[in-house]
Amino acid sequence: MEDSLRKKKLEGKKIKDLGILIPYLTVPFRLKSLKCLCKYLITVIRDFFFLQFSVKFGWKKIEVINVDHYLDKAIPFRPDKSDIYLDFIHFWIRPFTFIIRRFGVKRAIPYCADFLSCLSDAYREASRVYRFKMTTTDRPPPGKNKNLKIIHLLDPHFLCVPSLHIAVVILTWTFFDNVFQKEGMDSGERQIYSGELREGALEIAETVLYLKQHSVNCVPAALYMMLFLQPEIFTIQKGVDFINDLFIKSDDIKPDDNEAVLSHINYMFERLLLEGCNEDDWAVPVQKWIAVYKREKEEKENGETDLPQSR
(Lines give C-alpha, C1' and ligand atoms only; values in the text may rest on other atoms or scores of the structure.)
Protein backbone atom coordinates (compact mmCIF):
# COMPACT_ATOMS: atom_id res chain seq x y z
CA MET A 1 0.00 0.00 0.00
CA GLU A 2 2.75 2.43 0.98
CA ASP A 3 4.63 1.64 -2.22
CA SER A 4 1.52 2.34 -4.30
CA LEU A 5 1.04 5.69 -2.60
CA ARG A 6 4.63 6.70 -3.32
CA LYS A 7 4.21 5.67 -6.94
CA LYS A 8 0.98 7.65 -7.25
CA LYS A 9 2.55 10.81 -5.82
CA LEU A 10 5.21 10.71 -8.54
CA GLU A 11 2.87 10.04 -11.45
CA GLY A 12 3.37 12.52 -14.25
CA LYS A 13 6.60 13.85 -12.78
CA LYS A 14 10.02 13.53 -14.34
CA ILE A 15 13.21 12.83 -12.41
CA LYS A 16 14.48 16.16 -13.71
CA ASP A 17 11.61 17.94 -11.92
CA LEU A 18 12.40 16.57 -8.46
CA GLY A 19 15.35 18.73 -7.41
CA ILE A 20 18.40 17.88 -5.32
CA LEU A 21 17.57 19.05 -1.79
CA ILE A 22 16.44 15.70 -0.33
CA PRO A 23 19.81 13.92 -0.94
CA TYR A 24 21.69 16.81 0.69
CA LEU A 25 19.47 16.47 3.77
CA THR A 26 19.65 12.68 3.84
CA VAL A 27 22.81 11.09 2.40
CA PRO A 28 25.35 12.87 4.69
CA PHE A 29 23.35 11.91 7.77
CA ARG A 30 23.26 8.14 7.32
CA LEU A 31 26.42 6.28 8.36
CA LYS A 32 26.49 3.90 5.39
CA SER A 33 26.11 6.62 2.78
CA LEU A 34 28.29 9.12 4.67
CA LYS A 35 31.29 6.77 4.49
CA CYS A 36 30.86 6.37 0.74
CA LEU A 37 30.30 10.10 0.28
CA CYS A 38 33.55 10.90 2.10
CA LYS A 39 35.42 8.32 0.04
CA TYR A 40 34.02 9.85 -3.15
CA LEU A 41 34.93 13.42 -2.17
CA ILE A 42 38.47 12.40 -1.21
CA THR A 43 38.88 10.54 -4.51
CA VAL A 44 37.65 13.50 -6.58
CA ILE A 45 39.91 15.95 -4.76
CA ARG A 46 42.96 13.68 -5.02
CA ASP A 47 42.49 12.04 -8.42
CA PHE A 48 40.78 14.84 -10.34
CA PHE A 49 41.30 18.34 -9.00
CA PHE A 50 44.65 18.08 -7.22
CA LEU A 51 46.08 15.81 -9.91
CA GLN A 52 45.56 18.17 -12.81
CA PHE A 53 46.19 21.40 -10.89
CA SER A 54 49.48 19.94 -9.67
CA VAL A 55 50.49 19.53 -13.30
CA LYS A 56 49.20 22.97 -14.24
CA PHE A 57 51.30 24.61 -11.51
CA GLY A 58 54.34 22.42 -12.18
CA TRP A 59 54.26 20.40 -8.97
CA LYS A 60 54.01 17.18 -10.98
CA LYS A 61 55.60 16.36 -14.32
CA ILE A 62 53.14 14.46 -16.52
CA GLU A 63 53.13 14.97 -20.28
CA VAL A 64 49.96 16.57 -21.68
CA ILE A 65 48.98 15.41 -25.18
CA ASN A 66 46.44 17.04 -27.47
CA VAL A 67 43.98 14.41 -28.72
CA ASP A 68 41.86 16.49 -31.10
CA HIS A 69 40.64 14.77 -34.26
CA TYR A 70 39.79 16.43 -37.58
CA LEU A 71 36.19 15.18 -37.22
CA ASP A 72 35.73 17.43 -34.18
CA LYS A 73 35.33 20.30 -36.66
CA ALA A 74 32.21 18.61 -38.02
CA ILE A 75 30.50 19.32 -34.70
CA PRO A 76 29.69 23.03 -34.30
CA PHE A 77 30.78 24.99 -31.24
CA ARG A 78 27.60 25.60 -29.21
CA PRO A 79 28.15 27.84 -26.15
CA ASP A 80 24.38 27.84 -25.62
CA LYS A 81 24.73 24.23 -24.45
CA SER A 82 26.77 25.25 -21.39
CA ASP A 83 23.77 25.01 -19.04
CA ILE A 84 23.44 21.32 -19.92
CA TYR A 85 27.14 20.78 -19.29
CA LEU A 86 26.95 22.41 -15.85
CA ASP A 87 23.96 20.24 -14.96
CA PHE A 88 26.27 17.22 -14.95
CA ILE A 89 26.47 16.86 -11.14
CA HIS A 90 22.75 17.39 -10.62
CA PHE A 91 22.10 14.76 -13.29
CA TRP A 92 23.37 11.99 -11.01
CA ILE A 93 22.07 13.53 -7.76
CA ARG A 94 18.44 13.84 -8.86
CA PRO A 95 17.97 10.04 -9.15
CA PHE A 96 18.83 9.92 -5.43
CA THR A 97 15.83 12.17 -4.84
CA PHE A 98 13.69 9.93 -7.01
CA ILE A 99 14.53 6.62 -5.33
CA ILE A 100 14.23 8.16 -1.85
CA ARG A 101 10.73 9.40 -2.69
CA ARG A 102 9.77 6.30 -4.68
CA PHE A 103 11.10 3.58 -2.36
CA GLY A 104 11.62 5.35 0.96
CA VAL A 105 14.82 6.31 2.78
CA LYS A 106 15.52 2.88 4.26
CA ARG A 107 15.48 1.12 0.89
CA ALA A 108 17.11 3.95 -1.04
CA ILE A 109 20.14 4.78 1.10
CA PRO A 110 22.05 1.52 0.38
CA TYR A 111 21.66 2.24 -3.34
CA CYS A 112 22.89 5.81 -2.88
CA ALA A 113 25.91 4.45 -1.01
CA ASP A 114 26.62 1.88 -3.71
CA PHE A 115 26.38 4.50 -6.44
CA LEU A 116 28.84 6.78 -4.65
CA SER A 117 31.21 3.83 -4.30
CA CYS A 118 30.92 3.09 -8.04
CA LEU A 119 31.51 6.78 -8.77
CA SER A 120 34.69 6.70 -6.69
CA ASP A 121 35.87 3.65 -8.61
CA ALA A 122 35.35 5.46 -11.94
CA TYR A 123 37.40 8.48 -10.87
CA ARG A 124 40.14 6.33 -9.36
CA GLU A 125 40.41 4.04 -12.38
CA ALA A 126 40.42 6.91 -14.86
CA SER A 127 43.24 8.54 -12.91
CA ARG A 128 45.46 5.56 -13.69
CA VAL A 129 45.43 6.68 -17.32
CA TYR A 130 45.81 10.35 -16.37
CA ARG A 131 48.92 9.54 -14.37
CA PHE A 132 50.38 7.81 -17.42
CA LYS A 133 49.69 10.69 -19.83
CA MET A 134 47.33 13.61 -19.52
CA THR A 135 45.24 14.61 -22.52
CA THR A 136 43.61 17.81 -23.68
CA THR A 137 41.71 19.39 -26.59
CA ASP A 138 41.65 22.85 -28.16
CA ARG A 139 38.83 24.86 -26.62
CA PRO A 140 37.53 28.02 -28.32
CA PRO A 141 37.65 31.16 -26.15
CA PRO A 142 34.60 31.47 -23.85
CA GLY A 143 33.77 34.90 -25.20
CA LYS A 144 30.99 36.54 -23.20
CA ASN A 145 29.46 33.24 -22.04
CA LYS A 146 29.59 33.32 -18.23
CA ASN A 147 29.20 29.56 -17.88
CA LEU A 148 32.14 28.87 -20.18
CA LYS A 149 34.26 31.40 -18.31
CA ILE A 150 33.58 29.46 -15.10
CA ILE A 151 34.27 26.12 -16.79
CA HIS A 152 37.57 27.33 -18.26
CA LEU A 153 38.61 28.88 -14.94
CA LEU A 154 37.92 25.82 -12.78
CA ASP A 155 38.97 23.12 -15.23
CA PRO A 156 42.65 23.03 -16.35
CA HIS A 157 41.39 20.61 -19.00
CA PHE A 158 44.10 17.97 -18.80
CA LEU A 159 41.94 14.87 -18.16
CA CYS A 160 40.19 14.10 -21.44
CA VAL A 161 40.90 10.40 -22.11
CA PRO A 162 38.90 8.68 -20.76
CA SER A 163 36.09 11.21 -20.42
CA LEU A 164 34.65 11.11 -16.91
CA HIS A 165 31.60 13.00 -18.13
CA ILE A 166 30.81 10.10 -20.44
CA ALA A 167 31.65 7.47 -17.81
CA VAL A 168 29.47 9.07 -15.13
CA VAL A 169 26.38 9.58 -17.30
CA ILE A 170 26.67 5.97 -18.47
CA LEU A 171 26.94 4.84 -14.85
CA THR A 172 23.93 6.96 -13.82
CA TRP A 173 21.67 5.60 -16.52
CA THR A 174 22.61 1.92 -16.17
CA PHE A 175 22.95 1.87 -12.36
CA PHE A 176 19.52 3.29 -11.67
CA ASP A 177 17.90 1.21 -14.39
CA ASN A 178 19.27 -1.79 -12.49
CA VAL A 179 17.86 -0.37 -9.23
CA PHE A 180 14.43 -0.05 -10.81
CA GLN A 181 14.62 -3.67 -11.90
CA LYS A 182 15.74 -4.89 -8.48
CA GLU A 183 12.93 -3.00 -6.79
CA GLY A 184 10.36 -4.69 -9.01
CA MET A 185 9.16 -1.74 -11.05
CA ASP A 186 6.72 -2.77 -13.73
CA SER A 187 8.09 -2.54 -17.27
CA GLY A 188 6.09 0.55 -18.17
CA GLU A 189 7.26 2.63 -15.21
CA ARG A 190 10.83 1.42 -15.55
CA GLN A 191 10.87 2.28 -19.24
CA ILE A 192 9.71 5.83 -18.54
CA TYR A 193 12.35 6.65 -15.94
CA SER A 194 15.21 4.68 -17.44
CA GLY A 195 14.41 6.23 -20.81
CA GLU A 196 14.59 9.69 -19.27
CA LEU A 197 18.02 8.96 -17.78
CA ARG A 198 19.32 7.55 -21.05
CA GLU A 199 18.11 10.62 -22.96
CA GLY A 200 19.79 12.84 -20.40
CA ALA A 201 23.02 10.86 -20.69
CA LEU A 202 22.99 11.24 -24.47
CA GLU A 203 22.33 14.97 -24.19
CA ILE A 204 25.27 15.52 -21.85
CA ALA A 205 27.52 13.30 -23.99
CA GLU A 206 26.67 15.41 -27.03
CA THR A 207 27.25 18.61 -25.09
CA VAL A 208 30.85 17.78 -24.13
CA LEU A 209 31.53 17.55 -27.87
CA TYR A 210 29.56 20.70 -28.72
CA LEU A 211 31.54 22.69 -26.14
CA LYS A 212 34.87 21.16 -27.29
CA GLN A 213 35.51 19.93 -23.75
CA HIS A 214 36.20 16.58 -25.35
CA SER A 215 37.11 15.16 -28.73
CA VAL A 216 35.46 12.25 -30.53
CA ASN A 217 38.60 10.39 -29.41
CA CYS A 218 37.64 10.78 -25.74
CA VAL A 219 34.27 9.01 -25.88
CA PRO A 220 35.24 5.40 -26.76
CA ALA A 221 37.78 5.05 -23.94
CA ALA A 222 35.15 5.99 -21.36
CA LEU A 223 32.69 3.44 -22.72
CA TYR A 224 35.44 0.84 -22.76
CA MET A 225 36.37 1.58 -19.14
CA MET A 226 32.76 1.21 -18.01
CA LEU A 227 32.54 -2.26 -19.57
CA PHE A 228 35.14 -3.41 -17.06
CA LEU A 229 33.92 -1.41 -14.08
CA GLN A 230 30.25 -2.35 -14.48
CA PRO A 231 30.11 -5.55 -16.54
CA GLU A 232 26.82 -6.69 -14.99
CA ILE A 233 24.88 -3.60 -16.05
CA PHE A 234 26.78 -2.16 -19.04
CA THR A 235 27.35 -4.32 -22.10
CA ILE A 236 29.05 -3.95 -25.47
CA GLN A 237 25.66 -3.78 -27.16
CA LYS A 238 24.53 -0.98 -24.86
CA GLY A 239 27.73 0.86 -25.70
CA VAL A 240 27.23 0.48 -29.45
CA ASP A 241 23.58 1.53 -29.22
CA PHE A 242 24.57 4.57 -27.15
CA ILE A 243 27.12 5.64 -29.77
CA ASN A 244 24.66 5.21 -32.62
CA ASP A 245 22.03 7.33 -30.86
CA LEU A 246 24.34 10.32 -30.41
CA PHE A 247 23.10 13.42 -32.28
CA ILE A 248 20.07 11.50 -33.50
CA LYS A 249 17.88 14.55 -32.86
CA SER A 250 20.44 17.15 -33.96
CA ASP A 251 19.88 19.25 -37.06
CA ASP A 252 23.12 21.23 -36.91
CA ILE A 253 25.45 18.50 -38.17
CA LYS A 254 25.49 17.42 -41.79
CA PRO A 255 24.27 13.82 -42.28
CA ASP A 256 27.55 12.74 -43.88
CA ASP A 257 29.55 14.35 -41.09
CA ASN A 258 27.35 12.75 -38.45
CA GLU A 259 27.85 9.34 -40.04
CA ALA A 260 31.61 9.88 -40.10
CA VAL A 261 31.69 10.96 -36.43
CA LEU A 262 29.72 7.93 -35.24
CA SER A 263 31.73 5.62 -37.50
CA HIS A 264 34.96 6.87 -35.94
CA ILE A 265 33.69 6.46 -32.37
CA ASN A 266 32.50 2.95 -33.17
CA TYR A 267 35.83 2.15 -34.80
CA MET A 268 37.78 3.34 -31.77
CA PHE A 269 35.48 1.44 -29.40
CA GLU A 270 35.94 -1.75 -31.40
CA ARG A 271 39.70 -1.19 -31.61
CA LEU A 272 39.98 -0.96 -27.82
CA LEU A 273 37.82 -4.06 -27.43
CA LEU A 274 39.99 -6.08 -29.79
CA GLU A 275 43.26 -4.92 -28.27
CA GLY A 276 41.86 -5.52 -24.79
CA CYS A 277 41.34 -9.21 -25.55
CA ASN A 278 45.05 -9.72 -24.94
CA GLU A 279 45.23 -7.65 -21.76
CA ASP A 280 44.15 -8.27 -18.19
CA ASP A 281 44.12 -4.55 -17.39
CA TRP A 282 41.54 -2.36 -19.17
CA ALA A 283 43.86 0.67 -18.95
CA VAL A 284 46.66 -0.84 -21.05
CA PRO A 285 44.94 -0.57 -24.48
CA VAL A 286 43.99 3.03 -23.70
CA GLN A 287 47.54 3.89 -22.66
CA LYS A 288 48.89 2.21 -25.79
CA TRP A 289 46.47 4.16 -27.98
CA ILE A 290 47.57 7.47 -26.43
CA ALA A 291 51.23 6.61 -27.07
CA VAL A 292 50.53 5.59 -30.67
CA TYR A 293 48.37 8.65 -31.28
CA LYS A 294 51.12 10.92 -30.02
CA ARG A 295 53.69 9.27 -32.28
CA GLU A 296 51.42 9.39 -35.36
CA LYS A 297 50.58 13.03 -34.71
CA GLU A 298 54.26 13.96 -34.42
CA GLU A 299 55.04 12.09 -37.63
CA LYS A 300 52.20 13.85 -39.43
CA GLU A 301 53.36 17.26 -38.19
CA ASN A 302 56.88 16.44 -39.36
CA GLY A 303 55.58 15.39 -42.77
CA GLU A 304 56.67 11.79 -42.31
CA THR A 305 53.26 10.26 -43.00
CA ASP A 306 49.97 11.15 -44.69
CA LEU A 307 47.92 8.65 -42.70
CA PRO A 308 44.87 10.14 -40.94
CA GLN A 309 45.19 10.32 -37.17
CA SER A 310 44.31 7.22 -35.14
CA ARG A 311 43.35 5.18 -38.20
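Analyst: Helices (H or I, at least four residues) and strands (E, at least two) are DSSP runs, numbered from the N terminus. Counted that way, the chain comes to 13 helices and two strands. Bear in mind that this is a predicted model: local features need pLDDT of at least 70, side-chain atom pairs count only at pLDDT 80 or more, and totals for chains, interfaces and linings use all residues. Residues are numbered from 1 along each chain as its sequence is written, and side-chain values use heavy atoms, with hydrogens and water left out.

User: Why is Gln213 called buried?

Analyst: Buried means under 20% relative accessible area (exposed is over 50%, partly exposed in between, with a 1.4 Å probe and protein chains only). Gln213 has 2%, so buried is the label. Gln213 is in the loop between helix H9 (187–210) and helix H10 (218–229). Of the 311 residues of the chain, 53% count as buried.

User: And what makes Glu189 buried?

Analyst: Its relative accessible area is 9%, so Glu189 is buried too. Glu189 lies in helix H9.

User: What makes the pairing of the Glu189 and Arg102 side chains a polar contact?

Analyst: The term needs a pair of N or O atoms within 3.5 Å; within protein, one must be able to donate a hydrogen and the other to accept it, and residues adjacent in sequence count only if both atoms are side-chain atoms. The Glu189–Arg102 distance is 2.8 Å. Gln213 and Asp155 also have a side-chain polar contact, at 3.1 Å.

User: Why is H1 called oblique to H5?

Analyst: Angles run from 0 to 180 degrees between N-to-C directions, and axes are lines fitted to C-alpha atoms, for helices over the stretch in contact. Under 35 degrees is roughly parallel, over 145 roughly antiparallel, 65 to 115 roughly perpendicular, and the rest oblique. Helix H1 (residues 2–9) and helix H5 (residues 88–103) pack at about 135°, with axes 7 Å apart. That makes H1 oblique to H5. Contact means heavy atoms within 4.5 Å, and here it is made by Asp3, Arg6 and Lys7 of H1 and Arg101, Arg102 and Phe103 of H5.
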